[in-house]
Structures are given as structure tokens and as C-alpha cells.
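Thanks for coming. Please have the sequence and the coordinates open.

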Amino acid sequence: MKTKNIIITSLLLLTTITGLTAGDAKAVAISAFDTMKFSVTKIEAKPGEKITVTLRNDGNIPKESMGHNWILLKAGVDPMAYANSAATAKAENYQPKSQAKQVLASIPILGPKESKSVTFSAPSASGSYPFVCSFPGHTAAGMKGVLLVK
Ligand SMILES: [Cu+2]
């Protein structure tokens with residue numbers, strides 16, 4: 001009887017610990033479409049909050065002509081300026097090393113039905129942090145959004 005109670009208590013404890021771990025980071029699921037749009041254009045977070053962004057390409061058009069990525073930029077960075085620089089950086093997977101200092105977190109180019117995650121801490125300073133898809137033409141087409149830290 002005593003052993004049984006210990007096992008039950010251990011199981012409950014394990015469940016609690018697992019639950020805490022899973023709930024540790026704020027989960028944000030973003031779909032990317034052939035229409036050059038993100039399903040999520042606004043993410044809200046507290047300063048320093050841990051966030052896991054999962055990007056899924058829900059389109060059908062091949063990666064070479066309709067790939068999508070997710071690039072979170074520092075506050076004050078012009079999304080179009082970053083996108084213009086990235087557009088000519090095909091060899092660097094549209095993430096130019098020359099602009100790496102502008103980037104806070106990123107998920108590389110995904111083809112149809114591919115999915116990838118990135119976990120990062122929201123900046124400690126309140127503000128508005130733009131994110132874009134830097135595949136050529138996509139930011140201009142509206143494939144962008146903002147992380148609001150407050
Ligand atoms: Cu895109």
C-alpha cells in the first residue's frame with residue numbers, strides 16, 4: 001500500500017514537472033502561405049519572456065520559387081532595408097551575414113509542408129520588433145509582422 005502511494009505520488013510529480021517544462025516558453029505557431037502572407041502578424045510578449053515560434057509552410061509551390069522564412073529584427077531596423085539586402089543573398093539562404101547584427105532570431109527558408117522552430121527570449125526593452133519573410137519580394141507583398149514587447 002505504501003509503495004503504491006509512493007508510485008502514484010511520483011507519477012503526479014512527474015506530470016507536474018513535465019507540464020512546467022512544456023509551459024516554460026510561450027508557443028507561437030505561424031503558417032506561411034503561397035499568397036505571401038503569415039497567419040500571425042502580431043505577437044505580444046513580456047520583456048525577457050521565453051518564446052518558441054514554429055513556422056510551417058502551408059503552401060504547395062516549390063521552395064525555389066515560394067520558400068518562406070521568419071526573421072525577427074531589432075527595434076528600429078527598417079524591414080524593407082533588410083529585405084532588399086536579403087533579396088540578393090541567395091547563396092546565404094536570403095540571410096546575409098552582412099546584416100546578421102540586425103537579427104534577433106530566425107527560422108531558415110522552408111519548402112511546402114516543412115516546419116521548424118526557434119526558441120529565444122524576448123528583448124528586455126519594451127518596443128516594437130519587426131519580423132519578415134526575406135524571400136525576394138515577400139516583405140514588400142506584406143509578409144511581415146511585429147513582436148510587441150510590453
Ligand atoms: Cu515568404
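The buried residues of α3 are covered by elements that include β4, β7 and β8. Before going on, some conventions. This is a predicted model, in which local features need pLDDT of at least 70 and side-chain atom pairs count only at pLDDT 80 or more, while totals for chains, interfaces and linings use all residues. Residues are numbered from 1 along each chain as its sequence is written.

Helices (H or I, at least four residues) and strands (E, at least two) are DSSP runs, numbered from the N terminus. A residue is buried if 20 or more other C-beta atoms lie within 10 Å of its own, exposed if 12 or fewer, and partly exposed in between, with C-beta atoms placed from the backbone. Two residues are in contact if their C-beta atoms, placed in that way, lie within 7 Å.

Back to α3. Which of its residues are buried? They are P79, Y82, A83 and A86. Viewed down the axis of α3, these buried residues fall within an arc of 100°, so they line one face of the helix. The arc is that of the directions from the helix axis to the C-beta atoms.

Now the overall inventory. The protein has three helices and eight strands, and along the sequence they follow the pattern α-β-β-β-α-β-α-β-β-β-β. Of its 150 residues, 25% count as buried. Taking contacts between residues at least 6 apart in sequence, 72% join residues at least 24 apart.

Next, the sheet. Strands of a sheet pair through backbone hydrogen bonds, either parallel or antiparallel. Here there is an open sheet of three strands in the order β1-β3-β6, with mixed pairing. Two strands count as paired if DSSP finds at least two bridges between them. The edge strands, each pairing on one side only, are β1 (26–32) and β6 (115–121). From one strand to the next the twist averages 20°; axes are lines fitted to C-alpha atoms, for helices over the stretch in contact, and angles run from 0 to 180 degrees between N-to-C directions.

A nonpolar core is a set of buried Ala, Val, Leu, Ile, Met, Phe, Trp, Tyr and Cys residues joined through C-beta atoms within 7 Å. The largest one has 25 residues, and L55, W70, F131 and V132 touch the most other members. At least two residues each come from β1, β3, β4 (68–73), α3 (79–87), β5 (103–110), β7 (127–132) and β8. Which element gives the most to this core? That is β4, with four residues. As for L55, leaving out residues up to four places away in sequence, it touches I30, A32, W70, I107, L110, S115 and K116.

Some individual positions remain. V146 sits in strand β8, residues 144–149. Why is V146 partly exposed? Because V146 has 18 other C-beta atoms within 10 Å. Apart from neighbours within four places in sequence, V146 is in contact with K42, S128, Y129, P130 and F131. K42 is 104 residues from V146 along the chain, with their C-alpha atoms separated by 5.0 Å.

V40 is in the loop between β1 and β2 (42–45). V40 is partly exposed because 15 other C-beta atoms lie within 10 Å. With the same exclusion of neighbours within four places, V40 is in contact with V28, I30 and G145. The C-alpha atoms of V40 and V28, 12 residues apart along the chain, are separated by 8.6 Å.

Last, two backbone angles to look at. M36, also in the loop between β1 and β2, has a phi near 60°, a positive value in a residue other than glycine. M36 has 18 C-beta neighbours inside 10 Å, so M36 counts as partly exposed. N93 is not a glycine either, and its phi is positive at about 60°. N93 is found in the loop between α3 and β5, and is partly exposed, with 15 other C-beta atoms within 10 Å.
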